[in-house]
Amino acid sequence: MARMKFLCDAERCIECNGCVTACKNENEVPWGVNRRRVVTINDGVAGAEKSISVACMHCSDAPCMAVCPVDCFYRTDEGVVLHDKDLCIGCGYCFYACPFGAPQFPQAGAFGLRGKMDKCTFCAGGPEKDLSKEEFAKYGSNRLAQGKLPACAEMCSTKALLGGDGDVIADIYRQRVLNRGKGSEVWGWGTAYGKPEQRAAPAGAKS
Amino acid sequence: MIDPRKLFLAGAAIALVLGLAACGERDQVTVYKQGKYQGKPDSKPWESDPGASLYTTSKWNPGDKTSWESALRMRNLAQNEYNRAE
C-alpha cells in the first residue's frame, strides 16, 4: 500500500461543510477547535469562486515534525503524521510551521492559556491502545483500526474530498479529470507531498 | 505522661515515612533526545479485531496486514462514483 493522503477537488466542493461536521461529530472535537475547515476564495465572484476543504495533509516531509522542540510527532507505516499529547507542551511552533494551519490549540485555562495541540489524525487515533476510551478521549476516533477511511472523506456528498491510499485516490481523480476535461490542479499536493522537480537528488549527486 | 520511648519511636516512624516518601515519586522530567520521537509506541491498525468495534463492515484477519490493506482498498475504491454509476 502506498501512503495515506487527502485530495480536495476544488471543482466539486460546494462548501457544504459536511466534512467539518462529520469530523466534529466523529471525533467529538471540542468548542474552538476545528480539525478541518472549508476555505473559499473569490467568494461571490461569478465563475471564480472555489472552495477547498483543509486539514492536516499528513505531509511527506512534515514541517511540524521538524520544528517540534519535544519531538512528540511520529509517522505511522501508512504515512499518517500523529503526535503524543502526553509529551506536547503546547508551544505552538508547529502552528507557525504548518503551511495549512492545521494545528489547533484548545483553551486550557484562564487568560487564554493554550492547551495541548490537537489536529486531524486521519481518523487514526494516537499512541494509546487502539479503540480504547483513552485513545478516543485524547485523539478521537480510530477508523483505520476499524477498516474505515476518514469520516470527512467518506461523508463528502460530492466526493470532492478524497482520502486514502495516495495511488488509488490519484487514479480516481485522474479518471474524473479525463471525463470532465478540466480542473486538473490539485490544491496543496505540491506543498504537502512534494513536486516532482523537488524530489530528493540521488545519494552522492552534486548540485 | 507520655512515655519518652514511645514518643521517640513515634517520631522515628514519622521521620522514616517522610524520609521514604520521595522514593515512590515518579520522575516527572522527560529527557529529550533531539530529533527522535520520545512518546509512547502506537499499535498497528491491522492488529485490532474487526469485530471489536460497532458498525464495522470491513473484514480482515487480526494481525494480517495484507487482508487489512485489501479491506481498506475496497473502501477506498468505493469513493469512485464512476464505478458505482456503471
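Reader: What is the order of elements in chain A, from the N terminus on?

Author: The order is β-α-β-β-α-β-β-α-α-α-β-α-α. That gives chain A 7 helices and 6 strands. Helices are DSSP runs of H or I with at least four residues, strands are runs of E with at least two, and both are numbered from the N terminus. This is a predicted model: local features need pLDDT of at least 70, side-chain atom pairs count only at pLDDT 80 or more, and totals for chains, interfaces and linings use all residues. Residues are numbered from 1 along each chain as its sequence is written, while chains are lettered from A and ligands numbered from 1 in the order in which they are written.

Reader: How do you know that the radius of gyration of chain A agrees with a compact globule?

Author: The rule is 2.2 Å times the number of residues to the power 0.38, with the radius taken over C-alpha atoms. For 207 residues a compact globule would have a radius near 17 Å; chain A has 18 Å, so the two agree. The C-alpha trace spans about 50 × 50 × 35 Å along its principal axes.

Reader: What makes Glu15(A) buried, exposed or partly exposed?

Author: Count the other C-beta atoms, placed from the backbone, within 10 Å of its own: 20 or more is buried, 12 or fewer is exposed, in between is partly exposed. Glu15(A) has 15 such neighbours, so it counts as partly exposed. Its place is the loop between strand S1 (4-8) and helix H1 (18-27) of chain A. In chain A, buried residues make up 42% of the 207.

Reader: Which residues is Glu15(A) in contact with, leaving aside neighbours within four places in sequence?

Author: Contact asks for C-beta atoms, placed from the backbone, within 7 Å. Val38(A), Thr40(A) and Ser51(A) meet that for Glu15(A). Across chain A, 56% of the contacts with a separation of 6 or more join residues 24 or more positions apart.

Reader: How many residues does each chain bring to the contact between A and B?

Author: Chain A gives 32 residues and chain B gives 32 residues. On the side of chain A, strand S4 (73-75), strand S6 (161-165) and helix H6 (166-180) each give two or more.

Terms used: Two residues are in contact if their C-beta atoms, placed from the backbone, lie within 7 Å.
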